[in-house]
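Subject: The structure, and what turned up in it

Hi there,

Here is the structure you asked about, with the sequence alongside.

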Amino acid sequence: MQRIQTDDDVLAWKQSPGYRSFFTWIERRAERIIGKEIVEGDAAEEGCSERIRKILLLLKTMEQWSDEVELYPETQRFGNRAFRKYIAVVEERLPSVLPTPPEVTTQILPLLLQSHAFGHPVRLDYGSGHELSFVLSLFVMVQMGYLGQGDDGEKEEDDLVLRVFPRYLSLVTGLQKKYRLEPAGSHGVWGLDDYCFLPYLWGSAQLLGTDVTPQQALENARRAATEPGSVVVKDLWTISLQRIFEFKTGPFFGHSPLLNSLSTTMPNFKKIHKGLVKMYVEEVLGKRVVVQHLFLSEITWGPDIALGAKKESLNKPREVGKVEAEATKAPWAR
């Protein structure tokens, strides 16, 4: 396993076969779910493979583990130290209850635990890098053949986005609320969301196949948050906006200016989705502060992880200033 430590390591990883395979997989998943709905609750465990069902049940069990951990009587705005106790429970129990075979478990545990896929127990925060750790673990399961095999392989991979990922979001959103985790993904005025990114990328792909406009999605999210039961939300984009309304107070344009601009100025999700893909590459996968916690293997980097790619990156001239200056602009504003 290898951790990214420098900007050169980030550049080397983005040139690696593991990175290219992962990003292609992210795009492929988006293409496959256009016009499709997420499946939540008990219904998610029906009509899917046994392997998917086991992952869903594991995530539900992890929600129950949180119920066992009492909060400390702390009054600060962010971070309750009881979250450290919850993560200690996860570290103790997760290795023995993962439904994957030993060779797969060995590969994904560093992503789930050392890369803090459920939040950082020391910093008491959660952000898009932690989300990335979890999604990389799903990708590893596919690459190692545990998921995505046989005639229904593509559907099983679709279910990772439409069933497993929503259950994961439910888990980490609950952890954020209960333990008041600090947002690790906030980037000021250009920040998309304090906590996550992929729900918007994949959610905008879902809505490409519908008549729902960005403005309608925003209104649906507002109603779902303020009038429970009035709207049935079936896409990751709207669910994420709904969560913001539940987390924050005040005018939406004040605390979420970028999402508000996209929702009120774009006629459809075509340009939004294309821009989010570019933004994900630059603001998540391309930022050392986001990916520096990742434990990467031959699957997520490549066979030259220990030598070739890293040596080449260290000898390569850098143009970091130029890249970061361009990245400060939203993709759709360029």
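Before more of that, two notes on the source. This is a predicted model, in which local features need pLDDT of at least 70 and side-chain atom pairs count only at pLDDT 80 or more, while totals for chains, interfaces and linings use all residues. Residues are numbered from 1 along each chain as its sequence is written, and side-chain values use heavy atoms, with hydrogens and water left out.

**Two loop residues**

Leu 192 sits in the loop between β3 (182-183) and α8 (198-207); helices (H or I, at least four residues) and strands (E, at least two) are DSSP runs, numbered from the N terminus. Leu 192 counts as buried because its relative accessibility is 6%. The cut-offs are under 20% relative accessible area for buried, over 50% for exposed, and partly exposed in between (1.4 Å probe, protein chains only). Its C-alpha atom is 8.5 Å from that of Pro 257, 65 residues apart along the chain.

Asp 211 lies in the loop between α8 and α9 (214-226). With a relative accessible area of 76%, Asp 211 is exposed.

**Helix pairs**

Helix α4 (residues 82-97) and helix α5 (residues 102-114) pack at an angle of about 165°, their axes 11 Å apart. Axes are lines fitted to C-alpha atoms, for helices over the stretch in contact, and angles run from 0 to 180 degrees between N-to-C directions. The angle makes α4 roughly antiparallel to α5, a label for angles over 145 degrees. On the α4 side the contact is made by Val 90, Glu 91, Leu 94 and Pro 95, and on the α5 side by Thr 105, Leu 109, Leu 112 and Leu 113. These divide into six nonpolar, one polar and one charged; Ala, Val, Leu, Ile, Met, Phe, Trp, Tyr, Cys and Pro count as nonpolar, Asp, Glu, Lys and Arg as charged, and the others, Gly among them, as polar.

The axes of helix α7 (residues 153-179) and α8 come within 12 Å and cross at roughly 145°. Here Val 161, Leu 162, Phe 165 and Leu 169 of α7 meet Leu 198, Pro 199, Trp 202 and Gln 206 of α8. That contact has seven nonpolar residues, one polar and no charged.

**Positive phi**

His 116, not a glycine, has a positive phi of about 60°. His 116 is in the loop between α5 and β2 (125-126) and is buried at 16% relative accessibility. Arg 180 has a phi near 50°, lies in the loop between α7 and β3, and is partly exposed at 25%.

Best wishes

Methods:
Angles under 35 degrees count as roughly parallel, over 145 as roughly antiparallel, 65 to 115 as roughly perpendicular and the rest as oblique. Contact means heavy atoms within 4.5 Å.
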